[in-house]
Amino acid sequence: MSARDNILRRLRAAPQGPLPSPPDVRGVQAALAADRPASTRAERIALFCEKMAFWRGEVVRVTSSDWPQKLRELCIAKGVRSLLYGEQGAHAAMLRTAGIVGLKPYRRPVEEWKAELFGDTDAGFTATRGAIAETGTLIVWPDADEPRLLSLVPPIHFALLDAGRIHDTLSQAIDEQDWRSQMPTNALLISGPSKTADIQVTLAYGAHGPKELVILLLVNEEELP
Amino acid sequence: MSAPALHELQFVPASEFKRRSATAVDDAHLRQSFRGAMDFLIGKRAAQFPDPAALERQRALAEQIRQYSLARLPDLLEQLERTLTDNGVNVHWAENAEDANRIIIDIAQRHATRLMVKGKSMVSEEVELNHALAAVGIEALESDMGEYIVQLDGEKPSHIIMPAIHKTKQQIARLFADKVPGVAYTESVDELIGIGRAVLREKFMSAEIGLSGVNFAVAETGTLCLVENEGNGRMCTTVPDVHIAITGIEKVVEKLEHVPPLFGLLTRSATGQAITTYFNLITGPRRPGEKDGPREMHLVLVDNGRTQAYRDQQLRSTLQCIRCGACMNHCPVYTRIGGHAYGTTYPGPIGEIVSPHMLGLNATHVLPTASTLCGACGEVCPVKIPIPELLVRLRVEGQHDAHPGRPPLRGQGAAKSALVDAVWAGWAALYTRPALYRAFGWLATRFRALTPSQQAGWTFSRTPMKPAARTLHEMMAARRRR
């Protein structure tokens, strides 16, 4: 008998009480939120910004026309010499119009240029699939064009977020975006730069991943500060 | 039913628990570290749950999700195996620590591995994977900052969430200066973390295999979820060519929608964070066209005594655990003796109820007694494990033969002592025979002068016990006569 068979046989041989009814996650969450009115776009934006600031994420409000220039200014201000991005992405063409110095595409499999990626890349740029207001969290789904390490290895991560895609909670994001039928190889929730409190419960940023997370929040003109 | 082979403790035998506790209690630095850290974590958790009624509903939901998942465990494990296999992940089953280590060593040797980088995984600590790898010449490097520090000092974690909580920053500064080549002594936490970052980034690039644990495994999609703040878990599961995940068989849930309620309680209960920096959902290796991610993925499902807890309706609730560590943060015993005194991978209240299944009661029967039964652990448990009840149950199982009709636990009755049995038998005889009881009372009161002045542990900090001059019966009779 294999280990698999033995383990399953022991589990199936165990006495079973009546099967508990399936958990009603949506029902309980709806009940917990019952005393709150449905959130508005402005409230979701405000809550997201407040929570993201708590995680030390930097939120910069931009519009669909000026974000590449804003990104260029941020890169100059932060001394970024090389900005890694996905060249087939929905925003790539726009990004290239800004004249950012040191723009480089993530073009080859990581094995071919690991040392350069780790040693000589100042910042990475990714799109996002949305965000979660309740916790101040970005939803990032890496793909062939914007690979997993783009948001992890460079010391600064710039993320472009459409303010219209901020959901109240993780559960709502999973439902509304229908995750279960299309899970990618890697899906990520990101709440601030990498951190640790492993030395004497003292918080330090930039443990293994980015030391800075900058969110370019795409808003309408009237929502600019 | 074939009992899985007993796993030998390589660390410190649990039988020496009392001696180690005494040493720990005498260590002022250690007590200061734990008291400070636990108070901090207790406060942070409390701030996350301002509304007790809402917390109760969330706990009830989380408990229901875990109980439902466990009730369907064999089906869900088979479903998980199917979906993962469809996603291109190799699924392995291990009955015990030896099985798990052999499976991982086989994979490592197939890839001519010299270095394996590890994300935080308590199950890999439980099976003592690092020892097994070292024995065949493979270096296993811990990459969680706390785990890295602890490994560098040749120790084991003292807390399941904060492994190096027992160390002061001065101790860590000295450790880095001594053990990391080219590093000067610094007490700046930012600099110390920077040193760890630089050392480990080199290792992420050169390691052939990355190993991680699993927080939740989703059966319907074949997704492995990892919770972390540092990003080392993402490194381990993304940079090396091969990713091996290892987990206990109890971690599976049926649906993706079951994850958010558990995840939300896990981080809030553990460190008082509404969410961790990263939540990493992995649903398979690199697909054609993708430029990073592992080319090969494995999941090792470990039993190691979990099926023993599973077969008993009461003990099964042990497996509801989502490993947040809130029970240890709130435990007055853990706070005073620290994680190392327990001698087991999992310390504190959860360790006391899970270790007997992994290691047998013969090695661990003393652990369930390391509790005042104050109930704090059960009160804060986000999935409502009745920890105090399980502690009492395991004390009983340690002292007695199995209840008729129930299969014995491993090490059943290991704490039985002929002396204690004789004392209780004598007590029972006295208290069920009135004549004998009165004779004993008469003798004890008349010869009270013979009571010894040294009474084992009692007189260590108390005055000796001495029978009264007359028995209660005699005093009552005298009062009635008046």
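I began with a term: a residue is buried under 20% relative accessible area, exposed over 50% and partly exposed in between, with a 1.4 Å probe and protein chains only.

**Entry 1. Ground rules.** The model is predicted, so I note that local features need pLDDT of at least 70 and side-chain atom pairs pLDDT 80 or more, while totals for chains, interfaces and linings use all residues. Residues are numbered from 1 along each chain as its sequence is written, chains are lettered from A and ligands numbered from 1 in the order in which they are written, and side-chain values use heavy atoms, with hydrogens and water left out.

**Entry 2. Chain B.** I looked up the share of buried residues in chain B and found 59% of its 482 residues. Its secondary structure comes to 22 helices and ten strands; these are DSSP runs numbered from the N terminus, helices being H or I with at least four residues and strands E with at least two. Along the principal axes, the C-alpha atoms of chain B fill a box of roughly 100 × 55 × 50 Å. I then turned to contacts, meaning heavy atoms within 4.5 Å. Of those in chain B between residues at least 6 apart in sequence, 73% join residues at least 24 apart.

**Entry 3. Chain A against chain B.** The contact takes 79 residues from chain A and 98 residues from chain B. I noted a buried area of about 7700 Å² between the two chains, 60% of it from carbon and sulfur atoms. Buried area here is the accessible area (1.4 Å probe) that two parts lose on being put together, summed over both. On the chain A side, A:Arg10, A:Ile199 and A:His208 supply 11% of the area that chain A buries against chain B, more than any other three residues.

**Entry 4. Largest pocket.** A pocket is an open set of points on a 1 Å grid over the protein atoms alone, where a 1.4 Å probe fits, with protein on both sides within 12 Å along at least five of seven lines; lining residues have an atom within 4 Å of a point. A volume is the space filled by probe spheres set on the points. For the largest pocket I have a volume of about 1600 Å³. Its lining has 50 residues, and A:Arg36, A:Glu134, A:Thr169, B:Gln58 and B:Arg268 lie nearest the centre. I checked which element gives the most to this lining, and H2(A) does, with seven residues.

**Entry 5. Second largest pocket.** I have a volume of about 900 Å³ for the second largest pocket. It is lined by 42 residues, and the closest to its centre are B:Lys120, B:Ile161, B:Val227, B:Glu228 and B:Asn229. H12(B) gives the largest share of this lining, four residues.

**Entry 6. B:Gln320.** I found B:Gln320 in the loop between helix H13 (306-310) and helix H14 (326-329) of chain B. B:Gln320 counts as buried because its relative accessibility is 3%. Its side chain reaches the backbone oxygen of B:Val383 at 2.8 Å. Leaving aside neighbours within four places in sequence, the contacts of B:Gln320 include B:Glu63, B:Arg66 and B:Lys384.

**Entry 7. A:Leu95.** A:Leu95 is in helix H5 (residues 92-96) of chain A. I list A:Leu95 as buried because it has 0% relative accessibility. Not counting residues up to four places away in sequence, A:Leu95 touches A:Trp67, A:Leu71, A:Tyr85, A:Ile100, A:Leu103 and A:Phe125. From A:Leu95 to A:Ala33 I noted 62 residues in sequence and 40 Å in space, C-alpha to C-alpha.

Notes:
A polar contact is a pair of N or O atoms within 3.5 Å; within protein, one must be able to donate a hydrogen and the other to accept it, and residues adjacent in sequence count only if both atoms are side-chain atoms.
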